[in-house]
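Hi everyone, thanks for making time for this. I'd like to walk you through a protein model today, so please bring it up on your screens.

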Amino acid sequence: MTDIGEYNPGGKLQYWQETEALRNPDLAKQYVDLLIQEQIIPHPDKATGFVFLSPSANQGMFEYEIADRLNQSITKKPDPPPIFLAADIFGNYQDGQFVPGFWKGFYQDEFDNVIFQKISADANKIPILDNSVDVIWERLGALWHVQNNRATGENLDSTPIVNLLNEYDRVLKSGGVIILDAATQTEGATNSTIDFLEGKFNIPGAQINPYDYKIDLKELGWETQFIGSGRARLAVLRKK
Ligand SMILES: C[S@@+](CC[C@H](N)C(=O)[O-])C[C@H]1O[C@@H](n2cnc3c(N)ncnc32)[C@H](O)[C@@H]1O
């Protein structure tokens, strides 16, 4: 496995070895149980045409687990089949030029009943048509990075959060949802995306006042509902 260390434009990591999917394999199972229970992942009978997009999937470990479970619960391939898109901004510099690319992935990624597709893309410009996605899975992804970069002094522009949310809104079908990580904070835990968006930074040595950059999701037209608990707590955002 390649080690961490390559950075692409904007300072995004290529391979995140700290991913909790590696440290806490039960977490993926907890997420899937929760998504099924809340009917965010459709009942297998209703999976026709379902589209799941993760814009900042890194190695796609959680995405794979979710797709795998739906695949196993379907007995006859729906027409059209459900699609899982695991995207990331991965890429490399070659001769000074940025060349988009993608990880090879640890898993076999062909399922009988579900399409699992890896994409190299910037979450700000998702190469997907308007109104085509049911669920956006945003766990410690592009939204989190904007706030994290601000806290560490890399990026003091407040607009990208709104741009990203608008881009997600563009690709979402009417009634579609954005799922954000909202883990209850414990010592040493990564700050959740929802806490970051709401200005509750907790980065030692952060260079800015978090409240200067907090986002009012309600004002931007997003209603927030919380599901699950502990490390597996999630925020579900719906456009009003
Ligand atoms: C902290 S890792 C989290 C990965 C994964 N979602 C997880 O839960 O383990 C953040 C990921 O976001 C990606 N990323 C950051 N900004 C992005 C952007 N604008 N578009 C696409 N991916 C982005 C990084 O390349 C990195 O793989």
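This is a predicted model: local features need pLDDT of at least 70, side-chain atom pairs count only at pLDDT 80 or more; totals for chains, interfaces and linings use all residues.

The protein chain contains 6 helices and 11 strands. Of its 240 residues, 37% are buried. If you take the contacts with a separation of 6 or more, 71% of them join residues 24 or more positions apart.

Let's turn to a pair of helices. Please find H2, residues 25–37, and H3, residues 61–73. How do they pack? Their axes are 9 Å apart and meet at an angle of about 50°. Angles between 35 and 65 degrees fall in the oblique class, and therefore H2 and H3 are oblique to each other. The crossing of H2 past H3 is right-handed. On the H2 side, the contact uses Ala28, Tyr31, Val32 and Leu35, while H3 brings Met61, Phe62, Glu65, Ile66 and Arg69. What kinds of residues are these? In this contact of H2 with H3, 7 are nonpolar, 2 are charged and none is polar.

Now for the core. The largest nonpolar core holds 57 residues. Which of them have the most contacts inside it? They are Phe52, Leu53, Ile136, Ile179 and Leu180. H3 comes back here, as it gives this core its largest share, 6 residues. Have a look at Phe52 too: setting aside neighbours within four places in sequence, Phe52 is in contact with Ile66, Phe84, Leu85, Asp134, Val135 and Trp137.

Next is helix H4, residues 142–151. Why do we call H4 largely enclosed by the rest of the structure? Because 9 of its 10 residues are buried. Among them are Leu143, Trp144, His145 and Arg150. After H4 comes Gly153, which has a positive phi, near 85°.

My last stop is Arg231, in the loop between strand S10 (222–227) and strand S11 (234–239). Is Arg231 buried or partly exposed? Arg231 has 17 C-beta neighbours inside 10 Å, so it counts as partly exposed; being buried would take 20 or more. Not counting residues up to four places away in sequence, Arg231 touches Asn24, Leu27 and Ala183.

How values were computed: Residues are numbered from 1 along each chain as its sequence is written. Axes are lines fitted to C-alpha atoms, for helices over the stretch in contact, and angles run from 0 to 180 degrees between N-to-C directions. Helices (H or I, at least four residues) and strands (E, at least two) are DSSP runs, numbered from the N terminus. Angles under 35 degrees count as roughly parallel, over 145 as roughly antiparallel, 65 to 115 as roughly perpendicular and the rest as oblique. A crossing is left-handed if the near helix is turned anticlockwise from the far one by less than a right angle, and right-handed if clockwise. Two residues are in contact if their C-beta atoms, placed from the backbone, lie within 7 Å. Ala, Val, Leu, Ile, Met, Phe, Trp, Tyr, Cys and Pro count as nonpolar, Asp, Glu, Lys and Arg as charged, and the others, Gly among them, as polar. A nonpolar core is a set of buried Ala, Val, Leu, Ile, Met, Phe, Trp, Tyr and Cys residues joined through C-beta atoms within 7 Å. A residue is buried if 20 or more other C-beta atoms lie within 10 Å of its own, exposed if 12 or fewer, and partly exposed in between; C-beta atoms are placed from the backbone.
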